[in-house]
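Dear colleague,

Please find the structure below for your review.

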Amino acid sequence: MRKDDVYITVPSFFRCPISLDVMKSPVSLCTGVTYDRSSIQRWLDSGNNTCPATMQVLQTKDLVPNYTLQRLIQIWSDSVRTQRSDTESNRVNSVSHDQVRELIKQFVNDFRVHSELEVNSDRLSKLLAFSEESAENLRFVASVAAESDFLAILTSFLVHNPKNLEVVEKIVPLWKMLLVEQGSLSKTGKANDIYPAIIFALKHGSSKLKMEMSKALEFITSTDSEAKSSLSENSDLYSVLLSFSTINSDWNPDLMEVSVSCLISLAMLRKNRVKLVKAGAVKSAGKALSTAEMGTGLTDKVLRLLELISTCKEGRLELCNDGDCVQAIVKKVLKVSNEATEHAVTILWSLCCLFRDHRAQESVAKSNGMAKILLLLQSNCSPAVRQMAADLLKVFRVNSKAVSCLSTSYDTKTTHIMPF
């Protein structure tokens, strides 16, 4: 259905089988078929005694109101009206390509004349709304921005005004979108200077600003190796990102997931893994696994981060010292996803087989790890996971035999000295 250039899809069961229009007063016949009251009443008043849809003879011509369907139609109608209102509002507030060029030109001129960015909320809102309408619009804004160094100017403002959080919050969404579209922070020439502003926003910004800046940081760390290497030298960054994993009343799982993605990107550089350990990543991740209700995607990422940490000596030592974290890892085996299981088994294999730490082996045993390993061997897991599970099983069988032999030897010696 088309209404003022807005195309609306009507659910088929909202339409009357007779008129094919959306029902205003749905009523049901004894056959169970629902019609609009006015349409079925005309059918019956014409002398018909059958159901129009099924042609069954009606045992009774009573019309029973279908209140449930009526409520559903009302909810749907309200949402359509809201959609039309939003569309009309966007149409009124939308700008043309020429206006976009002019808006960016005004920003650039203000900066070049006054050596500072004249922040106009209305201009920013229009550019951001235009960019968010479609990928094509964003590409157009990015192309105009590239011609005029607009991204570099926005970056410069963030560098020199990090504490002006009210304005920073308005700039960052557009800055992030242009950054992603143009592909590299290094191209702005401000890569090394922007990091204090990023960290300040992550520490002191609103939840909205923290999320937007975290997404920008996720893009930077995953696509710009030069910027990531430079950024990773800032020791405050790790503790700030890990603070989003703290489970409290302000905990935001979406923000935590973005921050963990950033940490994974940083941990891809081996030198950063020790920094993560020193910042408390093992304890933070272990507590999150144990206490937080995390979705599949977030759990996968937390385990992936711990897997990377377990590849360095300091990380393995920290994991072995944290029995609760090891037990939480065991509990995720075969419980979340194939990816989570693979990450978890790799960590356990590293601690128990490669590092052969007895504390880790005890923690696995306490959390019924042997049963999990046996189930894993019977599952449709990958060859790599199956091999690691087999190695773990050998370790625990050897330990079991050693304990059994020690116990038997002790019992035998005790028997010789016990009086009967």
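**Helix packing and local features**

H15 passes H18 in a left-handed crossing, a term used when the near helix is turned anticlockwise from the far one by less than a right angle. The model is predicted: local features need pLDDT of at least 70, side-chain atom pairs count only at pLDDT 80 or more, and totals for chains, interfaces and linings use all residues. Residues are numbered from 1 along each chain as its sequence is written, and side-chain values use heavy atoms, with hydrogens and water left out.

Helix H15 (residues 296-309) packs against helix H18 (residues 338-354) at an angle of about 25°, the axes being 9 Å apart. H15 is therefore roughly parallel to H18 (angles under 35 degrees). Helices are DSSP runs of H or I with at least four residues, strands are E runs of at least two, and both are numbered from the N terminus.

Leu20 lies in the loop between E2 and E3 and is exposed, with a relative accessible area of 51%. Asp149 sits in the loop between helix H5 (135-148) and helix H6 (150-160), and at 45% relative accessibility Asp149 counts as partly exposed. Here buried means under 20% relative accessible area, exposed over 50%, and partly exposed in between (1.4 Å probe, protein chains only).

Phe13 is placed in the loop between strand E2 (6-7) and strand E3 (26-28), and counts as exposed at 51% relative accessibility.

Kind regards

Conventions
Axes fitted to C-alpha atoms, helices over the stretch in contact; angles between N-to-C directions. Parallel < 35°, antiparallel > 145°, perpendicular 65-115°, else oblique.
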